[in-house]
Amino acid sequence: MRQLVLCLTALFLSTSVQAAVPTAFMLDNGMQVVVLEDHRAPVVVHMVWYKAGAADEPPGRSGIAHFLEHLLFKGTDEMEPGEFSDTVARNGGSDNAFTSQDYTGYFQRVAADRLELMMKMESDRMRDLRLTEADIGTERDVILEERNQRVENEPGALFQEQRQAAQYLNHPYGIPVIGWKHEAASLTLEDANAFYREYYAPNNAILIVAGDVEPDEVRRLAETYYGPLEPTPGLGERIRPQEPPQTSERRLTFSDPRVAQPYVIRTYLAPERDPGMQEEAAALTILADLLGGNPATSVLGQKLQFETQDAIYTSAFYDGVNHDDTTFGLVIVPVPGVSLAEAEAKLDAAIAEFMAEGIDAEQFERVKMQMRASLIYAEDSIAGIARRYGASLTSGLTMEDIEAWPDILQAVTPEDVMAAAQSLFDRNRAVTGWLMQSKTAEVTQ
Amino acid sequence: MIRLAASLGLLLLAALPARAAVDIQEVTSPGGFTAWLVEEHSIPFVSLEIRFKGGASLDRPGKRGAVNLMTGLIEEGAGDLNAQQFAKAQEELAARYEFDVHDDSLAISARFLTEYRDASVDLLKLALTEPRFDEDAVERVREQVLSIIRSDSTDPDDIASRTFDALAFGDHPYGSSLNGTLDSVAALTRDDIVTAHADVLTRDKVYVGAVGDITAEELGMLLDRLLGDLPETGASMPDEAELSLTGGVTVVPFDTPQSVAVFGHSGIRRDDPDFFAAFVMNQILGGGNFSSRLMQEVREKRGLTYGVYSYLVDKDYAQMVMGRFASANERIADAIAVVRDEWAKIAEEGVTEKELADAKTYLTGAYPLRFDGNAQIAGILVGMQLSDLPIDYIATRNDKVNAVTLEDIKRVAARLVRPDALRFVVVGQPVGLEAVN
């Protein structure tokens, strides 16, 4: 088998990658449309993405973007509350929605011949939502239970909220998407309507249709249903309060009796992918893979899980799809008997060694090979590609940026990665958190 | 309203549910393996879904967690390659292998680029037939498993599931976590791992679904190459699980703001003549979308939870009707009362004509939408074989749904849905809820 490994090192992924070619156009009212064709199955995914997320909320009203997302399943001038999802279900489809810091998205997955009905309903609720006080009361209880489920019952999620708040002193990314509990509990009908009227408009929305469709037909339907909608006048650039320079290290510990597995996590403030300027983000993307991708081949995994067995798990993570400054993270989960202080010191030592040793050329090539192969495997899920376009476009990137990204990744050199690492790894621009168990949680039968 | 309803009616009349356009071939290899294949040459890779029936339920007595630990070690070194060398070889091929274990099967999901198919198959074969189980790898993966067991021990969702399973299945493997316990995993030896491997990865337990850029003939060769050196047979299958569950409420005190509830009672076999009636009934009761009765009553009307579901559990050796939800400690008693009412209501009254019609259009329309990706379809193909369904099942499945009548549902609901037999396990600090044995 050694022979296999040696001869394969020379191989190169020569398959030409024929990614789904998107068709993009703009309606007269400013609504952007992207069509992704995949004719393997008679299925279509219909998505509308709004360039409005939690980071666009007014001060003190945290959670309103997410709350409104729930409320969009209530009634309109043409539909009863619940009718939207009932109609999708009666047509054999599934539907849902999601909210992030930078966007809110709605989608349905249906047989391709039901696309027109989806457009008709989705365009109806873009401008003609009719909310009542009764909708507000019940649905606010639902989002508080959602917060209970996702955050209050999960010490790791409570810890993350505190870390995120420490990371962003000034930028609204420091506020959780689901909202601080006391603010989410006090959201009103007026809050929902104000956010809705401002941001739910064709000139602030992106339509993505992916699957067994023809671009001309999508254009005809989009012009019919979304074309007549009135834009919101005066919607300017999305300008959020930006971070001041961070000049001192930030550290926090979070203790909870429900924590069974302590760990150390550090996040550094890092640049995101910017339109026309994605090179540093590409270098950071590769850096994350080199440091903390597959534990058996990554730098942190080899040093901390294999050479020594100090860690149960290590990782490095970075996602450049963000409207404003993002973070680059490192994680170490120590084995029992290794304290968090020791674990953090070993993590720092491993990073310092990496900075001194530089990049292994074979590992660098393998990481790039994985990225090329990922393009092929990604073709299997047209819905996944559609989500990538939606998230990228609502984070300020252009179609050209998205299409250029694979080549920009491949053009990154080891020197680019080391330069990016050099400017990244400054503890004065980082938040280091320890998740700890405060005392044994009592479980009795 | 009226305009929309009118156009909707037209669309429903005009459009039949999309047909699942999958052409399944049964492939028999020269060496005698069978697999189901859908050829799809538009993307240059193949998805292979392999299952070894039995899975974690083949753990030997006192060795709980052995099959799980063995599964975690399959990719941690094989033949001449240690764990790191194996991982590098896999990366150089850009092959993707995932190994997972469930109650009834050990699952391998593999994707290979056409360009490197042969070498990718050889590497996977090495992992399946010559795993090394090096001592350092065993210790490394053992620590990972112990970490998961520790985390589960303070997670209310896991505590609820484990408590329910123990009440329902007792000493049967279904009655405990397939991860094992801190003690049982700490005590596992390399010999136990080797035994688990020989017990589970055998020719007589293997099922394969394949979708992608490969012909039937090529797949036949691949199967012989990949699986031909496995031993013929291993452990015998477990016994039928005896259900020891009674109606009542079990409270597991745990200091957390939101209580988690898992509930259920005995279910229905997949080969029962009333299975499809039960399946459609469950869709109406709590089948996962916003239209279900449980979602409407517990979430939409009362805001008592973020999500509530019921589902039919069809394991190889046990059948259940189950459900779960979570509500704040102060509200969970109310939510349980609503669930109990819905359970009683459907048992007594069945469903309405409109509910049945809506459930049918949803289920028959949603079915073809499942077939929308190579990996996804390969998983369906192997699942059908594990459930002993015929190869033409996909073409007949919607007819079976459409054949269900109001009377069928009334009959199956009266027999299957038993409010008095429901056991609720609640983990949290529920207010106003008494344990009932």
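## Exercises: salt bridges and a helix

In this predicted model, the side chains of Lys303(A) and Glu357(A) meet in a salt bridge (3.1 Å, N to O). The model is predicted, so local features need pLDDT of at least 70 and side-chain atom pairs count only at pLDDT 80 or more, while totals for chains, interfaces and linings use all residues. Residues are numbered from 1 along each chain as its sequence is written, chains are lettered from A and ligands numbered from 1 in the order in which they are written, and side-chain values use heavy atoms, with hydrogens and water left out.

**Exercise 1.** Find which parts of chain A the pair Lys303(A) and Glu357(A) ties together.

*Solution.*
- Step 1. Recall the term: a salt bridge is a side-chain nitrogen of Lys or Arg within 4 Å of a carboxyl oxygen of Asp or Glu.
- Step 2. Place the residues. Lys303(A) lies in helix α11 (residues 299-307) and Glu357(A) in helix α12 (residues 340-357), so the pair ties together parts that are 54 residues apart in sequence. Helices (H or I, at least four residues) and strands (E, at least two) are DSSP runs, numbered from the N terminus.
- Step 3. Check accessibility. Buried means under 20% relative accessible area, exposed over 50%, partly exposed in between (1.4 Å probe, protein chains only). Lys303(A) has 12% and is buried. Glu357(A) has 55% and is exposed.

**Exercise 2.** Work out what the salt bridge between Arg331(B) and Asp141(A) joins.

*Solution.*
- Step 1. Read the distance: the two side chains meet at 3.3 Å, N to O.
- Step 2. Locate both ends. Arg331(B) sits in the loop between β12 (319-328) and α12 (332-349) of chain B, and Asp141(A) in helix α5 of chain A, so the pair joins two chains.
- Step 3. Classify Asp141(A): at 28% relative accessibility, Asp141(A) is partly exposed.

**Exercise 3.** Describe how Lys354(B) and Asp358(B) are placed in their helix.

*Solution.*
- Step 1. The closest N and O atoms of this salt bridge are 2.8 Å apart.
- Step 2. Both residues belong to helix α13 (residues 353-369) of chain B. They are four residues apart, about one helical turn.
- Step 3. Lys354(B), at 55%, is exposed. Asp358(B), at 21%, is partly exposed.

**Exercise 4.** Compare the reach of helix α6 of chain A with its expected span, then find its packing partners.

*Solution.*
- Step 1. The expected span is 1.5 Å times one less than the number of residues.
- Step 2. Helix α6 (residues 155-167) has 13 residues. From first C-alpha to last it reaches 18 Å, close to the expected 18 Å.
- Step 3. Its buried residues include Leu158(A) and Phe159(A).
- Step 4. The buried residues pack against α5, β7, β8, β10 and β11 of chain A. Contact means heavy atoms within 4.5 Å.
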